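Student: I am new to this structure. Please take me through one part of it closely.

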Amino acid sequence: MKKNFSVVLIYPPKKHQVASQTPSFAHKEFVNYPPMGLLYLAGMFKDDPLVDIEVIDCQVKLQYIDQLMEHLGEKKPNVIGITLISNLLYSSYQILREIRKNLPDTHVLVGGPHATIYPLEILESRLVDFVFTGDAEYSFHRMITLFQEGQGHLEAELKDIPGLAWIDNTGSLQHSPNSSHQKLKLDDIPFPDRGKLDHVAYGNPANIGEQTAYILTSRGCPFRCNFCDIPHKNYLFRDHKNVVDEMEELQAFGFDEIMILDDTFNIQIDRVEEICHEILRRNLKIRWVGRGRVAPFTESLAVLLKKAGCYRFHVGVESGSDDMLKQIGKKITLTMVRDFFTICRGHNIDTLAYFIIGFPDETESQIQETIKFAQEINPEYIYFSILSLFPNTAVYTQAIDQGVVTGDTWREFAKSPTEYWKIPLWTQTISEKRLHQLLRQSYRKFYFSFGYIMRLLGKNLRSPSMILHTGKIGARMLRYVVSRSGGFD
Ligand code: B12
Ligand code: SF4
């Protein structure tokens, strides 16, 4: 017999976030996207009157742990679930400790990228009951149903839940393989339940709409850049009709802009073309932004994208040196990059280019080439970061093997997160201090050039609120580029 059930899903706060190697104005103060994974989980119960799901994004609401605990203490949910992101682990563990202490009868679940990499370390902390690795929509649904039926303790049932890790009755760690990703049909998964969050809280300064919705049309990436850990190495994608159904729903809901958050939206040009044709066939009038790679990309695709409402495209360029692009396994060349930006400019599609400095053995002159290259390709926006050695990446393994980091420092952090822990960097060739100076230089040379400021004045300042907003970001950025240190939290 199923019972009424209350579930709270939490995205952890930014406070105590491990300092990332991007200036904080670029990722923390002005950019906020909703936790899509939690909205997808909530979507699984949209039509279930017996399950009440609340999603709390502590990056924008109940940002302090005592506020969050007060709310949870009043609500006393049956289940609490938390997304674990490696950089946000310290505060996530603080929350988990408080939950164990104050709500000992509540079932505690975790999932997300960090949980997928370190399930056993998390279970050893004894702060959670179940860890979900990989995509979790169906596993989460099954688990909640088992709880409702009072069967959440049955080992035989738990073993059938793909990707689930737990400590069994004998005290042994168990982990069912998550082979479901390969078989997952994204078109069958209900749309994320966007009604669970206040969407006014989310945005990106580059967006021009009043209210942006975020969608995922694919998951995973078959490329294996050595610095990146995309949770799935194989690429799953949604049918064009399914994608445009969601876009249509979002337009009806009142969103006037859509940002596609895929890591690699344009891997299959045919599918992207079909999406554009479908948008045009249904006469949708909505602006949207894509996120993908510089290749494959063609002139005819750009024409179609523009016609279908795509006004900006984000791509990872990473470096202005062909040797470096080869070394990091990006599988693109500077010629491909130049072609992409020429095509976009020709068709009036704005661009945002991501760059990284501080790769293994990268020289200062290669970094200068990258800074120059950013100016040459002249996107509307750049986003530079210093390479962070993330767990589960080839470059992190290389760093361990070559003694650049001492031991598996991420695993130690995963076992017991500390407040002032620092992400390892590759500082054998260029010191951390110099990398930060070069990072500041990259933003200064690009955003504070005469040409860029003139372009900004001509293009972006359409309303008083936009002028105010741009002024605020400009002032913050100026403070950063002239500062000698700081700005990284
Ligand atoms: C969009 C995005 C962002 C956005 C928004 C983050 C947000 N609010 O979700 C922005 C740009 C703000 C961002 C910032 C950062 N991000 Co980010 N981001 C992503 C990206 C591209 C997509 C996330 C997403 O929506 N995925 C789609 C959903 C459906 O999948 P999902 O979130 O994994 O959720 C599923 C499962 O994990 C699971 N699940 C998730 N949570 C839970 C909870 C429970 C209880 C259960 C049962 C299951 C479960 O079920 C979900 C449905 O299947 C991912 C890469 C990727 N492809 O996942 C990186 C990624 C998550 N980001 C990452 C990082 C490192 C960061 C930053 C630290 C980067 C930085 N240098 O500052 C910051 C800090 C994060 C922060 N402050 O929140 C890493 C995390 C690595 C790690 N080991 O934790 C990833 C994996 C990218 C990478 N390859 O390195 N990010
Ligand atoms: S950086 Fe982009 S292309 Fe490379 S593996 Fe990650 S998602 Fe794929």
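How many residues surround ligand 1, and which are the closest?

Tutor: This is a predicted model, so read what follows as a description of a prediction. Start with the count. Ligand 1 is surrounded by 43 residues. The closest of them are Ser20, Gly37, Gly81, Thr83 and Gly111.

Next, the elements behind that shell. Helix 2 gives the most, with five residues.

Now sort the shell by class. Around ligand 1 there are 25 nonpolar residues, 13 polar ones and five charged ones.

Where does this place the ligand? The chain is assigned domain 1 (5-174) and domain 2 (203-387 + 425-447). Both domains give residues to the shell, so ligand 1 lies between them. The centres of the two domains, taken over C-alpha atoms, are 30 Å apart. The domains also touch: 13 residues of domain 1 are in contact with twelve residues of domain 2. On the domain 1 side of that contact, eight residues are nonpolar, five are polar and none is charged.

The residues around ligand 2 include Cys221, Cys225, Cys228, Arg224 and Arg293. Asp263, Thr264 and Gly316 are also among them. By class, the ligand 2 shell has five nonpolar, two polar and three charged residues.

Notes. Residues are numbered from 1 along each chain as its sequence is written. Chains are lettered from A and ligands numbered from 1 in the order in which they are written. This is a predicted model: local features need pLDDT of at least 70, side-chain atom pairs count only at pLDDT 80 or more; totals for chains, interfaces and linings use all residues. A residue is near a molecule or strand if its C-beta atom, placed from the backbone, lies within 6 Å of it. Helices (H or I, at least four residues) and strands (E, at least two) are DSSP runs, numbered from the N terminus. Ala, Val, Leu, Ile, Met, Phe, Trp, Tyr, Cys and Pro count as nonpolar, Asp, Glu, Lys and Arg as charged, and the others, Gly among them, as polar. Domain bounds come from an automatic or database domain assignment. Two residues are in contact if their C-beta atoms, placed from the backbone, lie within 7 Å.
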